[in-house]
Amino acid sequence: QNMHIAVVGCTHGELDAVYDSVAKIEQTHGIKVELVLCCGDFQAMRGIHDLRSMACPDKYKSLCSFHHYHSGAKRAPVPTIFIGGNHEASEHLFQIRYGGWAAPDMYYLGYAGCVRFGGLRIAGISGIYKSHDYAKGRYECPPLSDSDMRSIYHQRSIDTFRLAQLSGTIDIMMSHDWPVNVTDYGDAARLVREKPHFRDDMSKGELGSPAGAHLLQTLKPSYYFAGHMHCRFAAVVPHDLERKHATRFLALSKPVPGEHFLQVRAHAHAHAHAHARAHARAHGD
């Protein structure tokens, strides 16, 4: 029996658009989505006070729709698991930094975490990679200064180390940043045509996170999902010469018209042997 999972790139607070798209896919394909995975920039703003701890220009600061789910005015129609990105309600997520419920049926994996859902083991690491903060400890705490507001979403070596200790099968891995050099295993030429400014970082081996790449190679997950770059990119990363064991990587965009921000996949309950079932562009068109 397959479990259908909807994967979202960057949520950017647009939960209504996400759940509307899931409902349209369910109706169109006659399936039931049992889980939504969100790969960062979730923006779990409970109220206006949470906007002060989000590191981004003021013009991008908006309550969006999460507060309706937090207050109980709305309820998530599908269990949702998310990680943090680089635009978050950081003081809210700090309160559940080791994993916890941000709202009913919305679970945050914390700085780094692993949970089991329907027989699948799902691991994730929040934030993006910045070399100058990677070796530091977790020292930030509210109220956040302007500097702390940014450093709090930078990945740390201790979180990578913790996740790397996991043993056994990891069915799904999530990060916001892409694993560095994952572009070597997909259609890099098409990616550069779509995003020409990626070329320099790709040529220098600096597009993405070394932490993500280490976890991909160490945990060897069946699937690895990411966001951050606001485009769709797929790759297959082999773990042996015979290519019998490989990680299928998929990055998705954000909920804006015309973007591939959500994809539904069917996973066997015991292990993740999946195939693409449906795509959604924004608003289901």
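Good morning. In this predicted model, the count of aromatic pairs comes to 13. One of these involves Phe42 and Phe66, whose ring centres lie 6.1 Å apart. Their planes stand at 70°, and since planes over 60 degrees apart count as edge-to-face, the Phe42 and Phe66 pair is placed in that class. As for location, Phe42 sits in the loop between β2 (33-38) and α2 (66-71), while Phe66 belongs to helix α2 itself. The pair therefore ties together parts of the chain that are 24 residues apart in sequence.

I turn next to a pair of helices. Two packed helices are described by the angle between their axes and the distance between those axes. For helix α6 (residues 157-164) and helix α9 (residues 210-219), the axes come within 10 Å and cross at roughly 10°. Angles under 35 degrees count as roughly parallel, and α6 and α9 are therefore roughly parallel to each other. On the α6 side, the contact is made by Thr160, Leu163 and Ala164. On the α9 side, Ala211, His214, Leu215, Thr218 and Leu219 take part. By class, this contact of α6 with α9 has five nonpolar and three polar residues, with no charged residues.

The largest pocket holds about 340 Å³ of space. Which of its lining residues are the closest to its centre? They are His12, Gln43, Tyr60, His87 and Lys254, out of 18 residues that line this pocket. Sorted by class, the lining of the largest pocket has eight polar, seven nonpolar and three charged residues.

Thank you for your attention.

Notes. Residues numbered from 1 in each chain as written. Predicted model: local features only at pLDDT ≥ 70, side-chain atom pairs only at ≥ 80, totals over all residues. Heavy atoms only, no water. 1 Å grid on protein atoms, 1.4 Å probe; cavity = no way out; pocket = protein on both sides within 12 Å on 5 of 7 lines; lining within 4 Å. Points joined across faces, edges and corners; volume = space filled by probe spheres on them. Nonpolar A, V, L, I, M, F, W, Y, C, P; charged D, E, K, R; others polar. Axes fitted to C-alpha atoms, helices over the stretch in contact; angles between N-to-C directions. Helix = DSSP H or I, 4+ residues; strand = E, 2+ residues; numbered from the N terminus. Parallel < 35°, antiparallel > 145°, perpendicular 65-115°, else oblique. Contact = heavy atoms within 4.5 Å. Phe/Tyr/Trp six-rings, centres within 6.5 Å; stacked < 30°, edge-to-face > 60°.
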